[in-house]
Amino acid sequence: MVVAVTTTERWELGGDLSVARIGYGAMKLTGWPRGERPDRDTSLGILRRAVELGVNHIDTSYYYARDGVSANELIREALHPYPDDLVIVTKVGALVEGADISLPAAEKTGLTPDNLRRGVEANLRSLGLDRMDVVNLRMGDLGAADTASLAGPLETLLALRDEGLIRHVGVSNISADEFAEARKIAPIACVQNLYNLSQRGDDPLVDACAEAGVAYVPFFPVGGFQPVTAEHLESVAARHDATTPQVALAWLLARSPGILLIPGTGSLAHLEENIAAGALELTAEDLAELG
């Protein structure tokens, strides 16, 4: 039985928020944007158990809501008043209501100043907070020819930070060039992009974040809607008497010291398995086999 977060490694998110490297992503508690979701009691139990096990970094968004079930409201019901060391990270931007992430830049309504403010305020209200620890600016489809500039939206979030509504700003779904641009505009606490054992297009950005002392937070760390696959993954897992998702998570922890994990799950058993991945020490042979 897992009794605590099994990696003692921590990261100073934004330079002043000490978080365990294994956190929790709340999206699957709502079944958003598709898929099954746990019942309410199970969801509340997962959140409380995560904190009991030492998780103090929870990733969420007011986007994560379906059929009257909201991740933020579940978090508030399960954990408020919040532990002093709990860090809650949210996102606003081009994913507004799940509708405009792939629209042309001029039509990304989630990136307008008014809607960015509404998004931050909606997160604060639903979570019962006066200030968000971190707000990630979620851009549009990565690599699309008609991408929105992040300069204006970042400046809006900086203004909200100056009002006291945000502590730190992060960015999500960005390229390496956009990361460099963002750092010229604002102090960036973290980057949240798609990255895992079988999807490594962000390798240069992972390294750039490590060099800059910026946390890299991969979403879909074990593949998301399609389980991660890689050559030798099953044989490495068998050698350690571990599951393949555990190996995928351990690989990420080994990949860079600045990687923070936020695996999501609607299962208490899987929550404990994910946290136990912190104790899995992959050998040089393992890492070589995984490539």
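These legends go with several close-up views of the structure shown above.

**About the model.** This is a predicted model, where local features need pLDDT of at least 70, side-chain atom pairs count only at pLDDT 80 or more, and totals for chains, interfaces and linings use all residues. Residues are numbered from 1 along each chain as its sequence is written, and side-chain values use heavy atoms, with hydrogens and water left out.

**View 1. Helix α5 alongside helix α6.** Helix α5 covers residues 176-185 and helix α6 covers residues 203-212; their axes come within 10 Å and cross at roughly 25°. That angle makes α5 roughly parallel to α6 (under 35 degrees counts as roughly parallel, over 145 as roughly antiparallel, 65 to 115 as roughly perpendicular and the rest as oblique). The axes here are lines fitted to C-alpha atoms, for helices over the stretch in contact, and angles run from 0 to 180 degrees between N-to-C directions. Helices (H or I, at least four residues) and strands (E, at least two) are DSSP runs, numbered from the N terminus. The crossing of α5 and α6 is right-handed, a term used if the near helix is turned clockwise from the far one by less than a right angle, with left-handed for anticlockwise. On the α5 side, look for Ala 176, Phe 179 and Arg 183; they meet Leu 205, Ala 208, Cys 209 and Ala 212 of α6. Contact means heavy atoms within 4.5 Å. Sorted by type, the residues of this α5 and α6 contact come out as 6 nonpolar, no polar and 1 charged (Ala, Val, Leu, Ile, Met, Phe, Trp, Tyr, Cys and Pro count as nonpolar, Asp, Glu, Lys and Arg as charged, and the others, Gly among them, as polar).

**View 2. Helix α1 alongside helix α9.** Here the pair is α1 (residues 40-52) and α9 (residues 268-276), with axes that come within 10 Å and cross at roughly 25°. So α1 is roughly parallel to α9. Ile 46, Arg 49 and Ala 50 of α1 make the contact with Leu 268, Leu 271 and Glu 272 of α9. Those contact residues split into 4 nonpolar, no polar and 2 charged. As for handedness, α1 passes α9 in a right-handed crossing.

View 3. The structure holds 0 disulfides, a disulfide being a pair of cysteine sulfur atoms within 2.5 Å. For Cys 190, the closest cysteine sulfur is in Cys 209, 9.1 Å away, so it is too far for a bond. Cys 190 is buried, with a relative accessible area of 2%, and Cys 209 counts as buried at 0%. Buried means under 20% relative accessible area, exposed over 50%, and partly exposed in between (1.4 Å probe, protein chains only).

**View 4. Val 217 in strand β11.** Val 217 sits in β11, residues 215-219, and is buried at 3% relative accessibility. Not counting residues up to four places away in sequence, Val 217 touches Cys 190, Val 191, Gln 192, Asn 193, Leu 260 and Ile 262. Gly 23 is 194 residues away from Val 217 along the chain, yet their C-alpha atoms are separated by 10.0 Å.

**View 5. His 168 in strand β9.** His 168 belongs to β9, residues 166-172, and counts as buried at 14% relative accessibility. Leaving aside neighbours within four places in sequence, the contacts of His 168 include Leu 13, Gly 14, Asp 16, Leu 17, Met 132 and Ala 189. Asp 16 is 152 residues from His 168 along the chain, with 9.8 Å between the two C-alpha atoms.

View 6. A cis peptide bond joins His 80 and Pro 81, with omega about 0°; Pro 81 is in the loop between α2 (71-79) and β7 (87-93). Asp 67 is not a glycine, but has a positive phi of about 55°. You'll find Asp 67 in the loop between β5 (65-66) and β6 (69-70), exposed at a relative accessible area of 61%. Phe 220, also not a glycine, has a positive phi of about 55°. Phe 220 lies in the loop between β11 and α7 (233-239) and counts as partly exposed at 27% relative accessibility.
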